[in-house]
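The sequence and the structure are shown first.

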Amino acid sequence: MTIFRYDKTFEGLLSVVFDAYTLKRFPDALQSGDADGRPGLLGMAPAHQVRTEPDKAARVWAGLKKRLFPEGRRRVVYGWLAETEGCDLLLARFMRKVFDAKSPPGAVEMNFADKDVLALARLARQVAHDAQLMAGFARFQKTAQGVYVALIGPRHNIVPLLVPHFRDRFAEHPWILYDVGRGYGLLWDKAALRDVTLDPEVLRGGRLDDGLLAENEAMFQSFWRSYCKVTAISARLNPELQRRLMPRRYWPYMTEMQEARTRGTSGSSAPHALAGFDSGNGAAPADAVSG
């Protein structure tokens, strides 16, 4: 068994493909961490350590752009953002098939008789569906400094995919999309995007600590819950359909599904509204879906 180890970044995966062609051997398994150079079990060769090199990654991506249509490249990016078990090895096999094919550009990505092509298409569709739902289910909370914060808990790493949707609609407002489970987010400051991390102490389930909120935020949230309650038609309630169209995993982050806030119960001693926001390196660049 051939094992490659890399840093679990997208550039690292592209470097894996570059090294595989250089060494003329392809991985049967991909692992994170550093290879120690010791012989493998039962006499297997030691794992190959892949160094992430932007130049090599750029060459691989340029080759994919020549051989894949935009939809094919989108599937590659979405497949990476899926962050499911084995998705990186699936992508490595798909890229190998793309580079080895003698067919015209776009032929491989349309060959759904190939199990890897079909699996990647399905995975990309799942990620796109997750992003589509989250674009409608994200709920923003206004902080005392005027920054609107949406806490989300998606299955996949879709924050970069949501940025164009909200930037087009709220370009004149500063906002943060924050993935609670992955512990990173993106801040739009009305001019550019940057990575941010939140202090876990300022998170209260699917919402921010009361000490961070604008003075009238709790009131507006109460209005929204009241509106949703008043407009609901009890005779037409269909819990099963509701759970199908609005899965329960989204509910902790949706204002209308949360209990009313009780002012004064904050456990935070944050001195100002953005005390919990720190710049960080983030898990995914905002421009990950370009090209």
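The model is predicted: local features need pLDDT of at least 70, side-chain atom pairs count only at pLDDT 80 or more, and totals for chains, interfaces and linings use all residues. Residues are numbered from 1 along each chain as its sequence is written, and side-chain values use heavy atoms, with hydrogens and water left out.

**Overall make-up**

There are 8 helices and 11 strands in the chain; helices (H or I, at least four residues) and strands (E, at least two) are DSSP runs numbered from the N terminus. Buried residues (under 20% relative accessible area with a 1.4 Å probe, protein chains only) make up 42% of the 291 residues of the chain. Contact here means heavy atoms within 4.5 Å. Among the contacts in the chain between residues at least 6 apart in sequence, 70% join residues at least 24 apart.

**Helix packing**

Helix H2 takes part in both contacts in the table. Axes are lines fitted to C-alpha atoms over the stretch in contact, and angles run from 0 to 180 degrees between N-to-C directions.

| Helix pair | Angle | Axis separation |
|---|---|---|
| H1 (residues 10-23) and H2 (residues 54-67) | about 80 degrees | 8 Å apart |
| H2 and H3 (residues 70-82) | roughly 140 degrees | within 8 Å |

The angle makes H1 roughly perpendicular to H2, a term for 65 to 115 degrees. On the H1 side the contact holds Phe10, Glu11, Leu14, Ser15, Val17, Phe18 and Asp19, which meet Pro54, Lys56, Ala57, Arg59, Val60, Trp61 and Leu64 in H2. By class, this contact of H1 with H2 has 9 nonpolar, 1 polar and 4 charged residues. Ala, Val, Leu, Ile, Met, Phe, Trp, Tyr, Cys and Pro count as nonpolar, Asp, Glu, Lys and Arg as charged, and the others, Gly among them, as polar.

H2 is oblique to H3, oblique being what is left once angles under 35 degrees (roughly parallel), over 145 (roughly antiparallel) and 65 to 115 are set aside. Trp61, Leu64 and Lys65 in H2 meet Arg73, Val76 and Val77 in H3. The contact of H2 with H3 divides into 4 nonpolar, no polar and 2 charged residues.

**The second largest pocket**

The lining divides into 11 nonpolar, 3 polar and 4 charged residues. Helices H7 (217-231) and H8 (239-245) each supply at least two residues of this lining.

**Buried loop residues**

Aspartate 209, in the loop between strand S10 (207-208) and H7, is buried at a relative accessible area of 0%. Its C-alpha is 9.9 Å from that of threonine 143, 66 residues apart in sequence.

Valine 147, in the loop between strands S4 (140-142) and S5 (148-152), counts as buried at 9% relative accessibility. The C-alpha atoms of valine 147 and tryptophan 188 are separated by 9.2 Å, and the two residues are 41 apart along the chain.

Glutamine 258 lies in the loop between H8 and strand S11 (277-279) and is buried, with a relative accessible area of 13%. Not counting residues up to four places away in sequence, glutamine 258 touches Gly206, Arg207, Arg225, Trp251, Pro252 and Tyr253.

Definitions and conventions. Buried means under 20% relative accessible area, exposed over 50%, partly exposed in between (1.4 Å probe, protein chains only).
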